Amino acid sequence: MSNIVPFFEKMQALDRRYIYLVVALAIIIPLLIPFNSKTYVTEPTANVYKMIDSYAGRSDRAILLSFSHDASTMAELTPMEVAILRHCFQRKVKVFTLCFMPAASPLMDYALNIAKEDYDVQDGIDYCNFGYKPYGLFLPILLGMGDDIAEIVETDAQGRKISNLPIMTDITNYNEMNLVVDFAASSAVYSWIVYARARYGVNVAAGITAVMAADNYPYLQTGQLVGMLSGLKGAAEYEKLVDVFATHKNPDGTIGRSYSKEILQESWIKLSDVDKRVYKTARIGMNAQTVAHVMIIVFIILGNIGFFLSKKKKEQEMM
Amino acid sequence: MKRQIPLIIVITLGFMFVAHTFIPHKASVAFYDWWVSWSKAISPFAVILGIMSLTMVHGTKISRKAPNWQYSALTLFALVFTGASGFIWGTSEGTPFMWLFKNVQMPMGSTMFSLLAFHIASAAYKAFRARSAEATVLLIAAIIVMLGQVPLGMAISKWIPETSSWILNVPNLAAKRGIALGVGLGMTATSLKILLGIERTYLGGGD
Amino acid sequence: MKCKRLKTEIVLVLLVFGLLLIPSFSHAVTDSAANMVKDLKVEDIPNDDGSGLLISWIPLPKERRIIEYRLYRGVVPDSLFYIGRIDVNVAAGFSGDRMYYYDTDYNYFLDLQAPGKLKKEKKQSADSPLYGRYPRDIKVTGEQLKNYNILGVIDEKEYFLKSTPVNVITENDTTTYAGLQLKQLRMYKKLLADKEYYYTVIAVSESRKYFPNVKPAVGIPRENPPEKPKTLYAVYLDDAQRLQFEWSLALFSSDHKDHNIYKIHKSKLAQFNAYLEEVALEEQNELDVKEDSTTAVYKVKTENPAQLIFSRYCGYPYTPVKTAAVPIVNNRIVNDEKGIDVVVKPDEIDDYYFVFSFTDYYGNETFSDPVVVSHSASSDLPTLSAFTVEDRPDDKGDYNYLYWEKPVVYLTNATFLNEDKTKLLVNYDVNTNKHFKVKNIYFEVRDEHGNVIRKIDEYYQDKKLNIKIPKELDVTTSPLFFSMSFKCNPDVGDDYTLTQKLVYDPITKSLKPADLFMGNENLNSTDYYVYKRNVGSEEWRLSRKVSSTQRELDDNIKLESTVFKGVSKYDAEKKMFLVSTQVALRYDIDRKFQSFTKLFDSGAKDMEKEINEQIAGYEAKRDSATTDEEREQFTEAIASMRYILDNDIAKELSKLSGKQRRNFLMRVKSNLARSFEYKIVKSDGKGHFTESPVYTTDAPYETAADVKYMVGLEDFGTRYFQPIPNWFKKSMIPALIATLIFGMLVFIMINQAKQGKDLFVRPIAGIQEIDNAIGRATEMGKPILFVPGLSGISDVATLAGLAILGRVAKKSAEYDTRILVPVRDYLVLPIAQEIVKEAHYEAGRPDTYDKGSVFFITDTQFAFVAGVNGVMIREKTATNFYMGMFWAEALLMTETGSTTGAIQIAGTDAVTQIPFFITTCDYTLIGEELYAASAYLAREPLQLGTLKATDYTKMLILIFIILGTLLSSAHLTFLINAFPEK
């Protein structure tokens, strides 16, 4: 006991630079050496997955990914975008991308380029990048897509007339492009709920940074958001869902199976089995986050033990 | 007189903008837009004030050879160089200005931002002590929320994430709303004080 | 020694900077051909009005690090002007094989932002054909007007009140034009059909090197027939003997003219197909002849066996009606106006095919595939009840409000809350309109056998229902049946019920809402097409298509009116572009004749003289005509001419002159442009539709338009509607009342304070410590740091922070302690300087004021933090104040402050940053305490009075919150409904 007390007392007055060092190591090491950890899929993430998966192979269904963030929140949001795009490419879901911020335009190319690498998908047939549209057109486009997407969006990122693209067969408006996923570090998704959902009944989901996620819970509770990926955690969950279902190798040689809660509960994806690092970025990041959280909790507990011991000591001295 | 004229301007325009909130008429909207476009035109001139202040402070340091005056020289050099590169080569993609923005400003900004993670850790370490009953509640809540955010929490018990989201959605949100209510009222009161000329410090001086 | 080290550091930093910049200026030397785009093609765009070209090319490989492709166009290959660019992301590269640029429709030609003088494109050789944009220099740009179809977009005031009459006197043109300077209009261009245009493209690299241009390619836009109509649905109502058609619209092209429907007897289909083939050959031949005039001309020989049964004009603006009802009366379809008189026997209706066609102004016609009718009865058509048009309240006068029918509630989503599938969360949505206020919604949930599972009374609509499903019910096999009824004000009637099923979907493994039914009508299968027609326009256009679960629509009617005029002439001397002075006015009641006038008095007089001469000429011709038909033609022509001179607007105008007349004309025009009539079509999109009559009302709609400008239009306010700008936002009444109560309380409290009543205010530790903290800095002989937040002067938090700065600066001046104020906002800087200066004067120490102590660092968030942290470390400040608005940077500053051992007092209303301040600062003013601080420090009656009033208002708000919670828990929602949602 007598040896422990001074140790904890020292911990009490620990130079903060040691804490910085430990936090740095707790983040860097798991990033360098990924280890296997469990990812638990939460309901809001699974709902997004289920809805996208129900469009698999249908030519009269599509989803729209709206990129409303810039490079500063890439770390959290890009893994989500890549995971959703992989899901779509693997399960043959038509996907459109669109942004109203000039800074988001390269991020769309970035995510598309990463996701399409392993898949035989073609621009204009399997997916289409509508590109950057000036923010002044935000509402006109958002509302106009309720009538006719090809008419209001007009051209894609490459300047091609959208109405002439093969992907647009069977796709006219929100009745077909029935899900919008908005990626943002802000409350941009609110406009989709208020205008597109309320007027045209389109399903809206959000991919959002962890800090902002709390603001969206009310919409999730009322069902105005069909689902939500929140921060790196949401991205990690989606990555797992893609690995467990969309890219699952069936015994008969085919790839992909439908979502099932039962299968999900018993599956366990080893990170080392996922060959490409970009497909597990979020899960590796979550490892780092877990370790960092645990380290902080350990510090707090150590600090408290020290605090109690020194308090006791003081009380004894007082007596 | 020096005080009265600005005060009259503040009071009249202030009440006009209050009225604008209640009047949706196109005349009111047109007046508001016209005024906003003026305020947009004013702010670029303020940049000059900023640059003058910066040059004066650092210029004095250099001329007096104050301690660390070299930093001041570097600051002024960076100011002139970045500004000049924008004026000479433009600010579009591919110009030296954009290059500086992407390769100097952005990474330095991100670095400062990521320091936050370290500071949060050390602040949490110092702050979360079970000094009193309230502090103990805070401590427990913090640990639950932190665990709830990572898979480990779920592995321990499924109640941890659920309790975590309850803490965030109920007591946390309630407190936030309470503060927001006070802030709203405080803002209204301060604005009213300015409108009525009770608060005049912003015109320079206390009373 | 230290200084020397610093110098070396600086040299090193500069060296690194310099090295880093090298790649941005240097670029590899590469040969020019390799840097040109490949295979530049210019092609005509199909199905357009002859104004579109498609430019495409193979872009350079990604390794060339191209950031943009710039396009140039001209009518000769040796002078090409910049028209636009396509940006490429350098890192990601371009993913497709070819790049495309559409030069179609009206797009940018010239406005005030264009360069002043014509310039060669940057970094081009002396013989390069490339120039920058068309300049403002009228001598250069004016010459280009003839090469394009130019549209001028002019603000109405500029056109009507500020244009100058300009006469261009040439041999065959003595017309007066309206002259406008470039600052008065914006110009858009469209290519001319059958004219040659040259294009070239250059690539620009990451280091902004302009690569050489590829040899210009030429293209000629050609007029093409409209796009083939995609679908036509034909329905025959046996009981009403009526044909109903619905079709899909083609891509817009400005030359569309008519929508037509034909019938073809089944036996003549082969002949029709032969005719179509020949039409295609003729169209191709027309193009061939244009390319090579020696080609033999081909003409269609086969007769078109199709008989026209319906035709309707479909010009600009392009969202025309796409349904038509054609009644068969006495075995005939008759339309005198279009000259249609066709025999159709109802019992032989199945012997016919029907085709739809678009015609354009050039006489081209494109047909849909032939379809046969499907039989139906009037009772199968969707039901459509009356609708109402009103002004939307509380707006600036840019919306009409349409509403119809009774409220609708429908399920949107269902989620199982547990694994046993016994707890279900169902979401619903309610759509209502101004007329019905929904009070309660009653949900009744039944199983397949009609057993009631749950009854819910939604007295407050939170858009969700929690439903417990009995364990014995397997929802994966048997659906749930919902029936929904309302309690509304006014009453909707007890028999008004909606039904919807929740059906298990095995794919998503959840319950999904099926279609919504009102009686037997499926509300998910139909839509409302809301059409409107302008007073001055011949045709209806779609306002919006809304789903049949909607009950209202806000129809936007823009406040600003602009004038569109073709620009083909210019006056180089006056530096003016010239546009026509003809102003179209209104159609007569039958929309047969349109009236117009001229902008300037002299033009109007000339026009009157000309028209009178024409009338005299027609009268003479009519009198000498031989046939009745001819006589009728001339009579009609005379009537239309007379209408131009005799209509009510013309009469009013003739009483005025000069600017007064033009002002009147402008107001008439803008009031006309904003007045609409409405009708609704409800349809399943496949020809089963019901059309409402045009909405009229007996109670005239209060109107914005000055009636004197709506001369001769009696239906105004009863059939034609224009939104009203409102003077008061009624939804703001609660806010106004609250503001007045607050203001009143402030006055009462200030009075009480002035009368010397002791007002108790709760002590706040943070504020009381401010004096001690300043004292501490004085004792230590170290400066004080004061950060007045990071936001601008328009943020109230900054103002509150500055108010505290005033008090702190005064105290520190009294104690003769230095205060450092780093500022992030330019506008805050002079104010903070003035405050600190005044504080020194008031403290009687003007000599100690140092202007450099209030200083600007940077407006970049994190760089500012770095600067502030530097100040803390170097100056070893003893006391740090943070008062105002802070974001993510808060902790970075306070942590540094706590390492330097300073006493820190923070105050902010940024809720997310409060926890950080509390953990790292000694005292924190939370939220409103920041705003109260100034009053605490001042201790004057005025300030304390306001503070006390704030407290009482807060108490009032709390009373309302508690009352609202209690009342709504007891199903009384009037209180919460009294407050607006936003």
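Mentor: A residue is called buried when its relative accessible area is under 20%, exposed when it is over 50%, and partly exposed in between, using a 1.4 Å probe and protein chains only. Helices (H or I, at least four residues) and strands (E, at least two) are DSSP runs, numbered from the N terminus. This is a predicted model, in which local features need pLDDT of at least 70 and side-chain atom pairs count only at pLDDT 80 or more, while totals for chains, interfaces and linings use all residues. Residues are numbered from 1 along each chain as its sequence is written, chains are lettered from A and ligands numbered from 1 in the order in which they are written, and side-chain values use heavy atoms, with hydrogens and water left out.

Trainee: Which residues of β45(C) are buried on one side and which on the other?

Mentor: In a regular strand, side chains alternate between the two faces of the sheet. In β45(C), Ile819(C), Val821(C) and Val823(C) are buried on one side, and Leu820(C) and Pro822(C) are buried on the other. Strand β45, residues 819-823 of chain C, is thus mostly covered, with five of its five residues buried.

Trainee: Which strands pair with β45(C)?

Mentor: Two strands pair if DSSP finds at least two bridges between them. Strand β44 (residues 784-787) of chain C runs parallel to β45(C), and two bridges join them. Here Ile784(C) stands opposite Ile819(C). Strand β46 (residues 854-856) of chain C also pairs with β45(C) in the parallel sense, over three bridges. Val821(C) has Val854(C) of β46(C) as its bridge partner.

Trainee: Is the β-α-β unit made by β45(C), helix α12 and β46(C) right-handed or left-handed?

Mentor: A crossover is right-handed if, with the strands pointing away from the viewer, the path from the first strand over the helix to the second runs clockwise. The unit of β45(C), helix α12 (residues 828-842) of chain C and β46(C) is right-handed.

Trainee: What is the average pLDDT of chain C?

Mentor: The pLDDT is the predictor's confidence in each residue, from 0 to 100. Chain C averages 89, and 95% of its residues score at least 70. Over residues 24-30 of chain C, however, the pLDDT is below 50.

Trainee: Why is chain B described as more spread out than a compact globule?

Mentor: The radius of gyration is taken over C-alpha atoms, and the globule rule is 2.2 Å times the number of residues to the power 0.38. Chain B has seven helices and zero strands. Its radius of gyration is 26 Å, well over the 17 Å that the rule gives for 207 residues, so chain B is more spread out than a compact globule. Its C-alpha atoms fill a box of roughly 65 × 50 × 40 Å along the principal axes. Of the 207 residues, 37% count as buried.

Trainee: How many helices and strands does chain A have?

Mentor: Chain A has twelve helices and six strands. Of its 319 residues, 57% are buried.

Trainee: Where does Asp156(A) lie, and what is it in contact with?

Mentor: Contact means heavy atoms within 4.5 Å. Asp156(A) lies in the loop between α7 (149-153) and β4 (177-184) of chain A. Its relative accessibility is 4%, so Asp156(A) counts as buried. Apart from neighbours within four places in sequence, Asp156(A) is in contact with Cys128(A), Asn129(A), Phe130(A), Ile162(A) and Leu165(A).
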